[in-house]
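Student: I'm new to this one and would like a close look at a single part. Could you walk me through it slowly?

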Amino acid sequence: MTPHINAQQDDFADIVFMPGDPLRAKHIAENYLTDAKLVTDVRNMFGYTGYFEGKKVSVMGHGMGVPSVSIYVHELITHYNVKTIIRVGSAGGIAEDAKVRDIIVATGAGTASATNRAKFAGYDCPATPDFNLALRCHEKANELGLDVKFGNIFTNDLFYGCDKNLVPALLKMNILAVEMETAALYTLAMEHKIKALSILTISDHVITGEETSSEERQNGFNDMMKLALATGC
């Protein structure tokens with residue numbers, strides 16, 4: 001066990017799907033997996049292991065923000081030997097063509113967080129996903145007939161009170177969306193030589209103000225999960 005995960009050594013599968021919300025992890029386990037078993041519940045950050053089409057998989061929440069996702073991802077990799085992590089989360093749309101409920105696959109993640117620089121001798125670490133996993137995701141999106149956008153996103157530390165110059169800069173560089181975890185996930189995956197990918201659904205739009213409900217974010221986003229499971233399994 002670790003300070004934040006009370007699962008036994010072999011409780012996690014090689015691949016873990018990680019939403020931010022632990023209740024979304026519960027929803028995924030109950031609706032997509034068979035024989036799902038709760039394996040960790042420290043601080044109500046629920047994690048489950050079950051089967052999808054005969055393949056052993058796990059799903060666990062990672063909380064909000066770089067510090068939270070960094071703790072759980074680090075422990076999953078270093079203590080439970082997880083080899084692949086796919087984030088399945090929500091994001092705020094930035095680009096005009098990134099509409100609410102669109103699926104975004106992050107091919108790169110800029111960040112306002114200092115943690116990536118701390119790991120990279122003070123320089124900006126190029127936070128990118130595993131290429132083969134991203135390529136497989138693209139192939140599966142085409143097979144499923146899903147309209148998925150592949151492109152760059154931004155991982156921010158602040159949810160409220162952002163720098164007034166940030167949004168114009170994101171628009172200028174055609175950043176598709178903003179969220180709070182992907183850059184940390186990608187950097188940890190690069191450091192520990194595992195595979196990682198971030199598949200996101202636009203839950204609200206920073207420019208237009210359109211948004212989905214908290215219930216829809218918790219229980220919806222079915223196309224994103226279909227794509228994530230097809231990619232990982």
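Student: Let's take strand E9: how many of its residues are buried, and why is it enclosed or open?

Tutor: Happy to. A word on the model before that: this is a predicted model, where local features need pLDDT of at least 70 and side-chain atom pairs count only at pLDDT 80 or more, while totals for chains, interfaces and linings use all residues. Residues are numbered from 1 along each chain as its sequence is written, and side-chain values use heavy atoms, with hydrogens and water left out.

Now to your strand. Nine of the eleven residues of E9 are buried, so the rest of the structure largely encloses it. Buried here means under 20% relative accessible area, with exposed over 50% and partly exposed in between, using a 1.4 Å probe and protein chains only. The labels come from DSSP runs numbered from the N terminus: helices are H or I with at least four residues, strands are E with at least two.

Who sits beside E9? E5 runs parallel to E9, and ten bridges join them. Two strands count as paired if DSSP finds at least two bridges between them.

Stay with E5 for a moment, because Val 88 in that strand is buried, with a relative accessible area of 1%. Leaving aside neighbours within four places in sequence, Val 88 is in contact (heavy atoms within 4.5 Å) with residues including Met 18, Ile 28, Ile 199 and Met 225.

E9 and E5 also meet at the largest pocket. Strand E9 (195-205) and strand E5 (84-93) are among the elements that each supply at least two residues of its lining, and E5 gives the most, with five residues. This pocket has a volume of about 900 Å³. A pocket is an open set of points on a 1 Å grid over the protein atoms alone, where a 1.4 Å probe fits, with protein on both sides within 12 Å along at least five of seven lines; lining residues have an atom within 4 Å of a point. The volume is the space filled by probe spheres set on the points, which are joined across faces, edges and corners. In total 34 residues line the pocket, and Ser 90, Phe 159, Met 180, Ser 203 and Asp 204 lie nearest its centre.
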